[in-house]
Amino acid sequence: MGIFDKLGRMVEDAFLLPEELRTALERGEAHLERGELEEAARDLRLVLSERPDHPRVGALYARVLRCRGDLDGALEALARASASDPEDPEVLFELGQARREAGDEKASMEHFKAAAAQLARHGGPAYSRAANALADGHLAAGRPDRAVRELRKAVSATPADANAHLKLGEALVADGEIGAAREALRRAAELEPEPAALARLGEAFLQAGCPSDAEAALRMACLSPDPPPRARKDLARALLEDGDWAGAVEEAAAAAPIMPGDPEPRLIAAEAHARSGDLRAALGDYEAALALDPADPVALRGAIRVAGPVDPARCETIALRLAERLPSDPIVIAGLAHAALARGEVAGASEILSRIGPVGPSSSPELCEVAATASLERGDGEAALEAMAHAGGGARGAWAPADLRDRAARLVATAGQKPDLAVLCERLHRHALTRPELSRLSVEVARVRGELDRPLQLAVMGEFNAGKSTFINALIGEEVAPMGVTPTTATLNVLKYGAERKVRVVHVDDTVREGSYADLEEILAEAALASRSVRRVEILFPAEALLRVNLIDTPGTNALEPEHEKVARRAIEEADAVVWLFRAGQAGKDSERRILGAIRGHRRKTLGVLNQIDRVAPEEVPALVAHLDAELGGTYIEAVGALSARSALRAKLEGDAALLASSGIESLEALLEERFYRHALTLKRQSSAIRLQELLVSIVADEERALASLVSRVASLASQGPQKERLGSALRSSLAAHVDAVERALASLCEQAAAEVDDFVRPRERILARRGFADEDRRFLSELFDERLEALSRQLSSELSAELTGHLGSFASALGALGDVQERLAASAETWTTSALVGFTSFQRGLLSGGSLDRLFSETLRPGVAQGEIARALRALMADPRAHLAPSLERGADRLVALMKDAHSRALGSAEERERRFRARVVDPLRGFALVAAELAA
């Protein structure tokens, strides 16, 4: 019924109009509400003929004229009504509407502001409508932030009005406040808007990123008697965004006949087909859309995207069409370059790509993938990985070869050359040196590279008392390795050639301590005690046999000391090949199979040796060898030999040829030559490649975990968008609550001040009646107000700052930036809250000092005045917090939300860049080195 409360109108009309005119006014208003303009005009003219100065009737008549298109007549009627009462809010509102229709938006907004100011204290539908009109002006001027402020007031005035919540949600979407928009729109849905508003609600939900909510509203809109044509199209869009691609195609097909000239239903179907992976169907839909509008850039871009993977020639044709209008459009460049690459024209593709410079975070996935492919074809693996990282998480898309990342990563590792282990190690070492994250890798790779230049590393292993040290001495022909050492000696002893006898203890930090060979047993005992810090003990000996092989002596694997097994496993890792000694009569035990399985897991070739054959009958030896070969040959060991290491050593030391022949050492040495020594270089390269591969597998796993942490950080920051919106909404709710608190505090202040004034006035009534108030009396009351207002300002400023700081702390914590970000936001919050409250207090003081207190003294404070009347008079002197405090607080909140958005955007951008760089420059290249190492180790 217009913008005024019905009860208020009835009271006003009862006192000011006779019954006949009241009846005519009610009839005219009813006609106006039903759109019966002629009848409304007749009744309202009747009232105006008797009461031409009645402002509300004049406003209603002006609305009738405006609705009939008589804008000049409406303005003339409003001029008469305004002359009668220039502050009448309905007249002001109608003036605003008329000025808006006349194109004078500035005057229109002034009238609406004046109407809103008059209605602010009363609230209700009248105030809500004025706030809505102001919001319309701000939206038309491209200021959704200001429209949001007005619409919040409208919602506060009419909380059960679904349309008010809907309009607020639409304005919040326009302002980018998506979280708050969702809340407003869901509240609108709860209030069950009229059928005509359902399509708007669905569209707003879509824009707010709530496809499920949009679908519910739009399905209801489509069931209404006369749904707007775009409702079904929007429903198709909602289904598309909700992941129901088949449903989206179905609804788009239903919408197409309803909107025969609109390409959008075909575009929705195309996008649904593309997301489901049916690119050829998507291409058909895009071409159907282009048949309606051949120059539609959306359809052209979409067609290029889906044509690229399935039909590069068609992709080029469509890209050339779009290039006529947008020659530098990234999708045009991507399409043309992609087609050139499909024809094998790498240089041409590179020239096309050069027109828009290097790809970056804002580049489309298609452009990134084409740039990556071109870089790969040019032989630039690093650029290809960088481009793929920008494509989105490093995953390949439809425009890139399936193996692009692997090929690019291998290219980085090999520089396009035939893989060579030494070169690979050197390149990997240089790569690791440029990456602080890979400092450990650079050391380990240098060690692997150094091992390539050493003799064959042959580990001699077996259980305790298998005769390992004796076997080593027999091979050398000298008592070099210490024999009979207790199983508590847990060191890795490496016998290697040296011009003179000496011992070196190599620690895990690569420091070396040298000692005399004569002190060997003492040095080994000391090293065993410090085994955790010792990498190996090197025994240097000038024996010709050690020129071609380093022999690694290990502790027994079946001793009770757990350190022994650790040392044995380290021997496997450092060895190029292994000799496993079995004890005759006890060979092939489960404990031996377990360690042999570990050796096989490290892919080291192993030669089995049946030792101590002098302890069994000679005729049993062939059967024992055959049994070992049958049980373990092919799976755990390459071949099996037999000997008596003790007899072989004694024979070599004593020069006993017959004993040497019967010991089996000569056959075993031939077997070692055939299986190991002759292939020493191949074995070394393979074992080094295996070590490098295992090292890289471990490092890549570590770095992929670090990358996963970065990805998680990006996802976490991206998910902070809704929290940021909720925080903005919480800030505004806090501000609204504090404005209410200010209003209550002012009312309380007036009550308290009235009591104190009453205490001041009552005893002095006779004096005041005779001579009035003196200057010191006025100063007393003025200072009283100053003191109370100052205290109120400090209290509210402290409370509001504390509450805002709490909100900001949670936001900064979510960003992982508790220091600088929180301090800057808190400082900004404190500045504008204090400024707003001080400004309001100053404004209030100005009101009091500008004559208001004088009127209080002259008009209200008289002998016999009641305390309640004093309080009401004081309240009339108070500024309205909603009009004079809320706007400045809201502007401050807007600035704070903008700062939060900026902080979030910078944090997210920084995290995304770290993820991209880490993926492209650390993880992917390492994967390439690991792939090449695996090939060399095969």
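Modeller: The accessible surface of the protein comes to about 41700 Å², with 51% of that surface belonging to carbon and sulfur atoms; such areas come from the Shrake-Rupley method with a 1.4 Å probe, and for residues only the protein chains shown count as cover. This is a predicted model, in which local features need pLDDT of at least 70 and side-chain atom pairs count only at pLDDT 80 or more, whereas totals for chains, interfaces and linings use all residues. Residues are numbered from 1 along each chain as its sequence is written, and side-chain values use heavy atoms, with hydrogens and water left out.

A search of the whole structure finds 65 salt bridges, each being a side-chain nitrogen of Lys or Arg within 4 Å of a carboxyl oxygen of Asp or Glu. One of them joins R921 to E386, with the closest N and O atoms 2.5 Å apart. This pair links distant parts of the chain, since R921 lies in helix 42 (residues 886–937) and E386 in helix 23 (residues 381–390), 535 residues apart; helices here are DSSP runs of H or I with at least four residues, numbered from the N terminus. R921 is partly exposed at 28% relative accessible area, as is E386 at 22%, where partly exposed lies between buried (under 20%) and exposed (over 50%), with a 1.4 Å probe and protein chains only.

Helix 42 also holds R906 and D902, which are four residues apart and therefore separated by about one helical turn; their side chains meet in a salt bridge of 2.9 Å, N to O. Elsewhere, R63, R66, E90, E94 and E101 are linked in a network of salt bridges.

Definitions and conventions. Helices (H or I, at least four residues) and strands (E, at least two) are DSSP runs, numbered from the N terminus.
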